[in-house]
Amino acid sequence: MSGVVDVGVKQPRKLTLLERLYIPEIVKGMGVTIRHLLRNIVRIRNLPTILYPERRRDYSDRFRGKHILTTRADGTLKCVACYMCAEACPAECITIVAGEHPKIAYEKYPVVFDIDMLRCVFCGFCVDACPKDAIWMTRNYEMAFFNREEAVFGIDKLIAKPGLPVKDGLGYRPYYPGDGTRPPADASSSPVIPGDGERELLREKGLDLHHTAGPGPLNAPSPAEKRSRAS
Amino acid sequence: MSSVEIVPLTPVAEKLRERFARSPLASRVAVVDLDLPTLEVSPADWPAVARFLRDDPECSFDLFLDLAGVDNSKRRGRPSRFEAVFHLLSLSREEHLRVKVVLPDGQSPSLPTVSEVWPAANWFEREAFDLFGFDFPGHPNLRRLLCHDAFVGNPLRKDYSPGQRWFFTEEDLRMPDWAAHPEEKAGHFETQTISIGPSHPATHGIIHLIARLDGEKIARAETQIGYMHRCFEKMAETHTWNQAIPFCDRLNYVSAMINGVGYVRTVEKMLGIEIPERGQLVRTILSEFSRIMDHCVNIGTNLVDIGALTNFWYLYQPRENIYGLLEACCGARLTVSYVRVGGLAIDVPEDFVSRCRALLESIPKFLDDVDRLVTRNRIVRNRFAGIGVVTRDQAIAWGFTGPALRASGVAYDVRRSRPYDFYDRFDWDVPIATDGDNYARYLVRMEEMRQSLAIIRQALEIFPASGPVSSEDWHVVLPPKDAVYHDMESLIFHFKLIMEGIRVPVGERYDWIEGANGELGFYAISDGGRGPYRLKHRPPCFPMMAAYEKIIVGGPLSDAIATLGTLNIIAGELER
């Protein structure tokens, strides 16, 4: 704690004769600007003004840019369509339609995963909300569109293609190398369960591992039903 | 109103009751103690109570802070549907007071205006008229303020459906009555009414100033705002407590961090949780950097308006570097969304302290340059000194807070009057000036930046090298990701927090911090649901904008632009 300082007293209201004469003040002012000019010539390659797009700003690895959907080792989306990101999103820009994956270990997957980039406020709440490490952000901030339809990014634009580098590098994500977080186990490495890929067939026979035959409250609607319901 | 006997009163509320006991209004005012001493009065008694509160030497609630309408129709436990909740401040005792005017059911909501008691109430009452449909008999200019003239309904009433759209065309634009007819004086040039804005480079944001010019002097003026109204308060009601944080960034977007801190502090107080020291210090350091940015932008753009472009570049460089620091911490430059209820989104990067120290080294150089170019410059003096004068009494009556109030000679700073976080541990001065003109406001802001640097320097000295930045109450804060991935209990906490949101106990709270522009308050009401039942933001520049049309009268138009700059109007927080 300290006191109160009156800054008005420190600056006398009356200007001195020299200050009123303009010329010395102009010379003094030019001194400041010329000093800046010379310094900028010396550091011409390191100016605070960036000549975009030839040069770009270096953003940190926490930058919240365009999202990516991460994939398992076999190239499928890690997303299990749990809707938590859509629920956490303050801009309500995420649309998910869930489907039942033929591989039983994957359970659910998103048939549709759309992010409306014009609604998105890039707050990173979706990344925080994801319990499956399925959505990350990148340092890509250049997303120009010609119309509103193009601004809705589907899985094809969001998926991080395995093996390909992410444009502009990774940004905000749930954990960083070296912070001690162990990523969740990759479900694609789980052993093949008998019946994998034959869910529809099994259900017709009443043998589905996860669902009993016949309509019931536990039965999830088929992807086609969900799609028609969503539209 | 029977709660007077049940709730034990704090000393302040007890004193207030004693004061009222000696007044003729004794039997008609209920004193309740919530987070603040609270009075409950009926609309008919309100003007008399208001006068008593302002004039009684032991009360002297001379500064009008805020008016929040509340629609109780979806909430239990309140006697009637509508309430007008006033927040007042006594500058001499640095005490806050809440007054609830309970509007009886069965008639259209109406309460007498207090814009004669506190001139600052004028625009706040217009806002309540606009958003809640409250009538204020006796109000001099009761028109819509934030919503446009073609708007139908009162958006903050609970029965208003937020999906509706009202289209506004040029035909719907209503000019004030006085502006419609030019005034002619004998032997004088014809006066002329002109519009400056809504979209004008000097209005910085979208503000419509209608001015009647007599020659070059402004004879009468009125400002129309609302072009950037996004109904932050209605949006907060339809989202969870945490989801309102990104919206807060867009209030005063020049110092977005401070808004978030102000909001989450209010919610944390309601929850009764404390955050670790390290988290508090990060908030303090980044808030002070944001304050420097805010003042840089303010002074820089203000000098551009009066023709001194060079300073703009010098002041924008520190701002650019501070944005770099914010981006390294949270991933965004402007809309940071860094705070969370209970702490921060993510710990600061490893090089945080060294980056802060580098900024502390570089910023003063730019301030010195601007100081050298501007402070004793004769042209700037002529444009600033003696222009836009707001006297001490006017500043208080108009509800000024922050640098503009301090430039008028009142040393009120929330960081000093009610030190939060660590402000009482730091050695710093509250800069004031007595002239209340543009020059005084410029000087106060320049000195405040240096004081902020001093605060940051001391905060870095006690900054713990490691430790948590967030509370470990998993009902409020998301558990660490490692636990979410591998531990079922943490996953359940995570799931509950995302899907249901934070459960804030039923109650209400007004909490205030020092924003870059003045007292930044949030009045939040919780009904125990997913999100705020009502969230009112007290924008510091709102009363200043209301007074602007009175300050500029009598001066030339060019001075009005300089004054608009020094008052620091941020449209995002002005119109919410």
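**Exercise 1. In what order do the three strands of the open sheet in chain A lie, and is the pairing parallel or antiparallel?**

Solution. The model is predicted.

Step 1: read the order. The three strands run 3-4-6 in an open sheet of chain A.

Step 2: read the sense. The pairing is antiparallel.

Step 3: find the edges. Strand 3 (94–100) and strand 6 (152–153) of chain A are the edge strands, since each pairs on one side only.

Step 4: inspect one pair. Strand 3 of chain A meets strand 4 (residues 108–116) of chain A over seven bridges, in the antiparallel sense. Within this sheet, Thr95(A) stands opposite Asp114(A) of strand 4 of chain A.

As background, strands of a sheet pair through backbone hydrogen bonds, either parallel or antiparallel.

**Exercise 2. Describe the contact between chain A and chain B.**

Solution. 

Step 1: count both sides. Chain A brings 46 residues into contact with 49 residues of chain B.

Step 2: locate the elements on chain A. Those that each supply at least two residues include strand 1 (4–6), helix 1 (7–10) and helix 5 (125–129) of chain A. Helix 3 of chain A gives the largest share, five residues.

Step 3: sort by class. The side of chain A that touches chain B has 23 nonpolar, eleven polar and twelve charged residues.

Step 4: Strand 1 of chain A pairs with strand 11 (residues 430–432) of chain B in the parallel sense, over three bridges. Val5(A) has Pro431(B) as its bridge partner in strand 11 of chain B.

**Exercise 3. Work out how helix 9 and helix 10 of chain B pack.**

Solution. 

Step 1: take the geometry. The axes of helix 9 (residues 277–305) and helix 10 (residues 309–330) of chain B come within 8 Å and cross at roughly 155 degrees.

Step 2: classify the angle. Angles over 145 degrees count as roughly antiparallel. Helix 9 of chain B is therefore roughly antiparallel to helix 10 of chain B.

Step 3: assign the hand. The crossing of these two helices of chain B is left-handed.

Step 4: name some contact residues. Helix 9 of chain B contributes, among others, Phe289(B), Ile292(B) and Gly300(B), while helix 10 of chain B contributes residues including Phe312(B), Tyr316(B) and Arg319(B).

Step 5: sort them. The contact has 17 nonpolar, three polar and one charged residues.

**Exercise 4. Judge whether chain B is as compact as a globular protein of its length.**

Solution. 

Step 1: list its contents. Chain B holds 21 helices and 14 strands.

Step 2: The C-alpha trace of chain B spans about 85 × 65 × 50 Å along its principal axes.

Terms used. Residues are numbered from 1 along each chain as its sequence is written. Chains are lettered from A and ligands numbered from 1 in the order in which they are written. This is a predicted model: local features need pLDDT of at least 70, side-chain atom pairs count only at pLDDT 80 or more; totals for chains, interfaces and linings use all residues. Axes are lines fitted to C-alpha atoms, for helices over the stretch in contact, and angles run from 0 to 180 degrees between N-to-C directions. Helices (H or I, at least four residues) and strands (E, at least two) are DSSP runs, numbered from the N terminus. Angles under 35 degrees count as roughly parallel, over 145 as roughly antiparallel, 65 to 115 as roughly perpendicular and the rest as oblique. A crossing is left-handed if the near helix is turned anticlockwise from the far one by less than a right angle, and right-handed if clockwise. Two residues are in contact if their C-beta atoms, placed from the backbone, lie within 7 Å. Ala, Val, Leu, Ile, Met, Phe, Trp, Tyr, Cys and Pro count as nonpolar, Asp, Glu, Lys and Arg as charged, and the others, Gly among them, as polar. Two strands pair if DSSP finds at least two bridges between them. The radius of gyration is taken over C-alpha atoms; the globule rule is 2.2 Å times the number of residues to the power 0.38.
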